[in-house]
Amino acid sequence: MVGEKYMAPGHRTCAGCGSAIIFRHVLEALGEDVILCQATGCMEVTTTPYPETSFKVPWIHVVFENAASVASGVKRALKMKGNNHTRVVAIGGDGGMIDIGFGAVSGAIERQEDIIIIVYDNEAYSNTGLQRSGGTPFGASTTTSPAGKKIPGKQEWKKDICMIGLMHRAKYVASANPAFWQDLQAKVKKAYDMEGGPRLIHILAPCPVGWHFDSSKTIEISKLAVETGLWMLYEVEEGNLKINYKPNPFKPVEDYLLMQGRFKHLANNKEMIRKIEEHVKKRWEMMEKVEKEGINLLDLA
Amino acid sequence: MVSKKRNKNAVVIEGSQAVARAVKSCDVKVIAAYPITPQTHIVQELAKMHANGEIDCEYINVEAEFSAISAVLGSTAAGVRSFTATSSQGLALMNEVLYATAGMRIPVVMVVCNRALSAPINIWNDHQDSIAERDSGWIQIYVESVQEAVDSLIQAYKISEDKKVLLPSMVCMDGFYLTHVYEPVVIPEKEEVDKFLPAFEYPYPLDPEKPLTMGPLGFPNDYARLRKQLFEATLESKGKIVKANKDFKKCFGRSYGDGLIEVYGDGKIAIVSMGSLCSTIKEYVDSSKDVCLVRIRTFRPFPGEELKKVLKDKEKVIVMEKNISLGHVGSVFMELATALYGTGIEIYDFIVGSGGIDVPLSTINYVVERVKKNKEKPGSVVFIDKVI
Amino acid sequence: MTKISKNKDLPGAIITDVGSTAKNKTGSWRTFRPVVDHSKCVGCGKCERFCPEGCIKIVEKDGKRVSVIDYNYCKGCLICMNECPLKAISKEVEHK
């Protein structure tokens, strides 16, 4: 079973949880010589209800915003003990790593901490009841950005933590998806084998309860996110961009959006769907240009 | 009265620099640094030492105080002795992690250079910052002199790291009055400290060889039981603090009262206070006949029984403190009142030194005279908002 | 003086019994149960890959590799059913 050596079943995640699938794959790719420093969130409260724990590797949780800071301290301590092989991973959700934990992540990457930062992004503060976060995409309805008569869901765009990490001069940033598990594990393994600088992986984590879709569709929706171009699979190593997968043809963005209850109000809002399509198209154009012309993105930092 | 005997091993040094040198002698391996006046000279001195290769450690320039405390929590949990320092707003920003550190029983040691809390923003000394964290579970030691700051830092590691304690400690020293003053200090070398302070061995370090989980979710039944366990541990630490003070005297020849409180003089009117203000009060005691000083050194765990023993036969007790619990009275007074409950002694509360206003001998005299002349009601709080 | 209580908790709620959530049988959550038709299953492992609980195993059975679900932990999300390329998994209402 995937990751069973490192993570036990019996955790209290919802049926069909995308983050649970991600965790098993990530832990399998990391192996046992690792220390996990995790932020408060879905995958923390469901996996460690005292006196039980799902984790079979060393694991520490402190508070919501400080996973990257705790990881920095742990890695430095290992260094002082002469241990250069154990990898330290700061892992958290979009809330814990992109919003409240943003400062800690930013500081850790700027300091060039020798850690791996993993963000499992279910695009809301799911654990507390699906409130809007900086990772919630444009147009999504959440409990604090509901689609109402006057305001049709979140009106702001999603924070791009990969690019932010890159502009902080992260050694390696990558975007991954649980439906493309080989790519996901290859990226985690690559980050594991690197050392001497921060590596960041941003993973889309579909949430059946938060996004309002049937629990059986988690992987199908993950795949569709990639096939519509909305979730680009790419990696940037020392500033050099490589797009890992290009859909051919691109599926209509609407297919992905209207499968989810959180976007159902867009069925009558052609304007917003058009804006999302434009955004996806423009982004792909720019990223492909960068890749084709061999532009080193670190030159922008 | 500060001793007039000059120790030939003493160096005249800035308080912050003395603390930095003490950190080196304690064989600290991970330091997290974030600047805030008046603590900054400590981390700057450590940075200089690190850049010159004088101290073998990892030095992390974090981006905020909550990262500073989080990083040293992580490094201590991984089994390595660590250090950070802060003041005022920085300590307030660390608040949620302070509670987590104590709850997780991680023996972090931190120096707090006491400074007033905003608003208005103020960089000078009072005790509001660390007093506001008295519920967190941290051991709190308030020092009177730079020498005591150096010595208490060394003792704090021994107390916190004791396997029966495993609680974080803060050594509180007055901002500017102690951080920026130059005075003769004896700074023990690492070889001497090694005889008193054993190597750090955290019993449950983060280690892939022995995986474990730290910081789980606690449902009500478990939380209540674990919280009581923590509560009992904070009370048990008192004995270790007393022992550390005794053992320190054996190794270094210096001690501070019984480790929890210090009594100076035997007058019938007792002034209870904390921190560097006590040096001024000692001078006042020297020139009076009927006043004594009872200095609270360890505020947490609160030495209630010890205070009751030395104060129960006093005529009056005057608390002079640099903090106020808004909406009520000063915290030292409040806590002392619970310790003296049932004794019937008259206790008076004077809030002094707020935001760093000077508390000279004249103010102490004013306070004592008002109490002697029955100009204040016992149990009342008087807020002195100017230099008298 | 408070009596010091003796309990089995390690200080700070540290858990050394790693993987102990395995004691919690989440199979009781199910409304629907996925059922594998071993005659159709070719043991491709997609279901094993994508099960959030990690409770599906590909095993040797009667000379072929097939998918076996551990119903102690299966929450009935039916991702396995949705992802099976040969439609070898169907759903049944859970009978308690």
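Where chain C meets chain B, the contact takes 13 residues from chain C and 19 residues from chain B. Contact here means C-beta atoms, placed from the backbone, within 7 Å. The chain C side divides into 7 nonpolar, 5 polar and 1 charged. Nonpolar covers Ala, Val, Leu, Ile, Met, Phe, Trp, Tyr, Cys and Pro; charged covers Asp, Glu, Lys and Arg; the others, Gly among them, are polar.

This is a predicted model: local features need pLDDT of at least 70, side-chain atom pairs count only at pLDDT 80 or more, and totals for chains, interfaces and linings use all residues. Residues are numbered from 1 along each chain as its sequence is written, while chains are lettered from A and ligands numbered from 1 in the order in which they are written.

Now turn to chain A. Its contact with chain B takes 40 residues from chain A and 38 residues from chain B. On the chain B side, strand 2 (30-33), strand 3 (58-61), helix 3 (65-77), helix 4 (88-103) and strand 9 (213-214) give two or more residues each. Helices (H or I, at least four residues) and strands (E, at least two) are DSSP runs, numbered from the N terminus. Helix 3 of chain B gives the most, with 9 residues. This side of chain B holds 23 nonpolar, 9 polar and 6 charged residues.

Strands also link these two chains. Strand 2 (residues 59-61) of chain A pairs with strand 9 of chain B in the parallel sense, over 2 bridges. Pairing requires that DSSP finds at least two bridges between the strands. A:Trp59 has B:Thr213 as its bridge partner.

Next, look inside chain B. Its domain assignment gives domain 1 (11-252) and domain 2 (261-383); such bounds come from an automatic or database assignment. The C-alpha centres of the two domains lie 27 Å apart. Their contact takes 25 residues from domain 1 and 20 residues from domain 2. Helix 5 (128-131), strand 6 (139-142) and helix 8 (220-252) each supply at least two residues of the domain 1 side. Helix 8 of chain B has the largest share, 5 residues.

Finally, the sheet. Chain B has an open sheet of 7 strands in the order 3-2-4-5-7-6-13, with mixed pairing. Strand 3 and strand 13 (298-300) are the edge strands, each pairing on one side only. Strand 6 and strand 7 (residues 169-174) of chain B pair in the parallel sense over 4 bridges. There, B:Ile139 has B:Ser169 as its bridge partner.

Technical notes. Two residues are in contact if their C-beta atoms, placed from the backbone, lie within 7 Å.
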